[in-house]
Amino acid sequence: MTMDDASGADLLAARLVAHGITTVFGLPGEENIDVVDAFHDAGIDLIVTRHEQHAAFMASTHGRLTGRPGVCLATLGPGAINLFTGLAQAELGGTPVVALTGQKARRDNDEGSFQVVDVPAAVRPIIRWATSIDDPRDIESSVDEAFRRSMSGRPGATLIELPEDVARETASARAPALTDESIGQVEDAAIAAAADRIDEAGRVVVLAGDGANRPGPSAALIRFAERTGIGVLATQLGKGAIPELHRNSCRSLGIHRPDYSHLAIEPADTVIAVGYQPVEHPPLAWNPDEDKTVIHLAPWSAASERGYHPARALVGDLADTLDRLADAVTPRDPDELTATQQTIERLLAEEDEGPAFPPSPLAIVRAMRRVLGPDDVVALDNGAYKIWFARHYPTERPQTLLLDNTLATMGAGLATATEAARLDPSRRVVAVCGDGGFLMNVQDLQTACELGLDLTVVIVRDDAYGFIGWHQEEAGLERRGVELTNPDYVALGAAFGATAYRVGEADDLDDVLARAIAEPGVAIVDCPMDYAINELLGTDLYGRARGEIGWS
């Protein structure tokens, strides 16, 4: 059979190849076995995961790190629904993903409604576009549309459902040319108007978001900061967009309440939001009186919500916009940053790690920074420890601290680290997972082992859903429903074929982490953790910072 008379499955695979897809993450099922076979014939590598959610998380990470859509695959019904959490993460987090799901035959279906769910209808409120294909002649255009929409504006997730009979039916391949869409330039007049607003401002700060945390925009942001003398404060997702020890860096926002880093943004009357989306960090957390002038720079239109109503929106290629704006802005005296930066750095450095054992999250963060280099990657799951990494882990390169502060779902950290390690084996990659989050997708430790990855998984174990317990205590409530009984993680790691370590009271944390990271293959570190230090986050950190700098 030639591509002049190809099955729907072959047409699908060929069109994915045309879009540059070489890898798909997912699980086979009865309704997509023809697609799996077509992938093999087309040279597409199917990475089989042990849960569809993990496949969607890996696809989302692929999109985040490459800038091109990650593709995930599931069968009908329960398999397709298992993708939804990862697709929601991609849509909310702005990473391009295309999901492919199977379905019962449209015609000659003798199993009736068994396992049948209207997947496109169910997923549409979560992602930006979904369709079901009734005719193999529509496959190529549907794939093109899924890719176009996943990459349009701020990236996100799309889904194609391919029923098993349509996958088997044949049609002539048209193979239309791919449309090359590029991001346009901002008009000169808009650049000049934004520059005038910046020059008229009293105090200005850049708020760098996830869109700036890519090599091209990051380099342009550094040039902008150095040429204008304006300080840069990052969101959690923007950490690494500018090296956090750079002379223009004001570190990053770590928690949704006033913190030391708010010294850089609270007195500012003008905020240049670069690659920022309100979902990353609530605007009311840094603009509570809604009185700051906001200038929006991104490849996507500004989302408007309380605290974020940009006076100017420069929508276009981010690196080009930053370079042209830097030429138009009158440079400021960088010395006005000095007192703020020195106070932030000193207060962060003075924070006490607490008792030596079990180590606090701050002690773990500092140990991790000591044993890893600037190009190594840390991927976080979700828990209170993420706040400590955001505040205290100086990130020097784009996308070397991978966390999610949009959907912020537990269970994604292992998948994030797995795909980061697979994409770039030259970098050391460490996943940091709480015991609650790790057990949500523990089965896919096997996926990392089967891929032969060099990957270290540090399980920070407090034997509880510690973040929730902390909030219960803050609210004056009893800790209920949060205590956990954990397995023996050393034995569990060995059962998967991983090398396993346990941090004991007599052990040096740096030494254990360094040995695990140096170990070829997959390594597990069971590290007990004491969350007592979280009490500090409930104090008036910003009030202390203001007092230190002498502000009333």
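Predicted model: local features only at pLDDT ≥ 70, side-chain atom pairs only at ≥ 80, totals over all residues.

Biologist: How are strands and helices assigned, and how is pairing decided?

Modeller: Helices (H or I, at least four residues) and strands (E, at least two) are DSSP runs, numbered from the N terminus. Two strands pair if DSSP finds at least two bridges between them. Here strand 2 (residues 23-26) and strand 3 (residues 45-48) run parallel and are joined by four bridges. Within this pair, Phe25 has Ile47 of strand 3 as its bridge partner.

Biologist: Which hand does the crossover from strand 2 to strand 3 have?

Modeller: A crossover is right-handed if, with the strands pointing away from the viewer, the path from the first strand over the helix to the second runs clockwise. The chain passes from strand 2 through helix 2 (residues 33-42) to strand 3, and this β-α-β crossover is right-handed.

Biologist: Which residues of helix 2 are buried?

Modeller: Buried means under 20% relative accessible area, exposed over 50%, and partly exposed in between (1.4 Å probe, protein chains only). In helix 2 the buried residues are Val35, Ala38 and Phe39. They lie on the same side of helix 2 because they cover an arc of only 105 degrees around the axis, the arc being that of the directions from the helix axis to the C-beta atoms. His40 and Asp41, on the other side of helix 2, are exposed.

Biologist: Against which elements do the buried residues of helix 2 pack?

Modeller: Contact means heavy atoms within 4.5 Å. The buried residues of helix 2 pack against several elements, among them helix 1 (8-18), strand 2, strand 4 (70-74) and strand 5 (97-103).

Biologist: Are both faces of a strand covered or open in the case of strand 17?

Modeller: Both faces are covered: Val429, Ala431 and Cys433 are buried on one side, and Val430, Val432 and Gly434 on the other. Six of the six residues of strand 17 (residues 429-434) are buried, so strand 17 is largely enclosed by the rest of the structure. Four bridges join strand 17 to strand 15 (residues 377-380) in parallel, with Val377 opposite Val429. Strand 17 also pairs with strand 18 in the parallel sense, over five bridges, and there Ala431 stands opposite Val457.

Biologist: What are the contacts of Thr456?

Modeller: Thr456 lies in strand 18 (residues 455-461) and is buried, at a relative accessible area of 3%. Apart from neighbours within four places in sequence, its contacts include Val429, Val430, Ala431 and Ala516.

Biologist: What is the volume of the largest pocket, and which residues lie nearest its centre?

Modeller: On a 1 Å grid over the protein atoms alone, a pocket is an open set of points where a 1.4 Å probe fits, with protein on both sides within 12 Å along at least five of seven lines; lining residues have an atom within 4 Å of a point. Grid points are joined across faces, edges and corners, and a volume is the space filled by probe spheres set on the points. The largest pocket has a volume of about 1300 Å³. Its lining comprises 47 residues, of which Gly67, Arg68, Pro96, Met151 and Pro155 lie nearest the centre. Helix 7 (139-151) is one of the helices that each supply at least two lining residues, and helix 7 gives the most, with five residues.

Key. Residues numbered from 1 in each chain as written. Heavy atoms only, no water.
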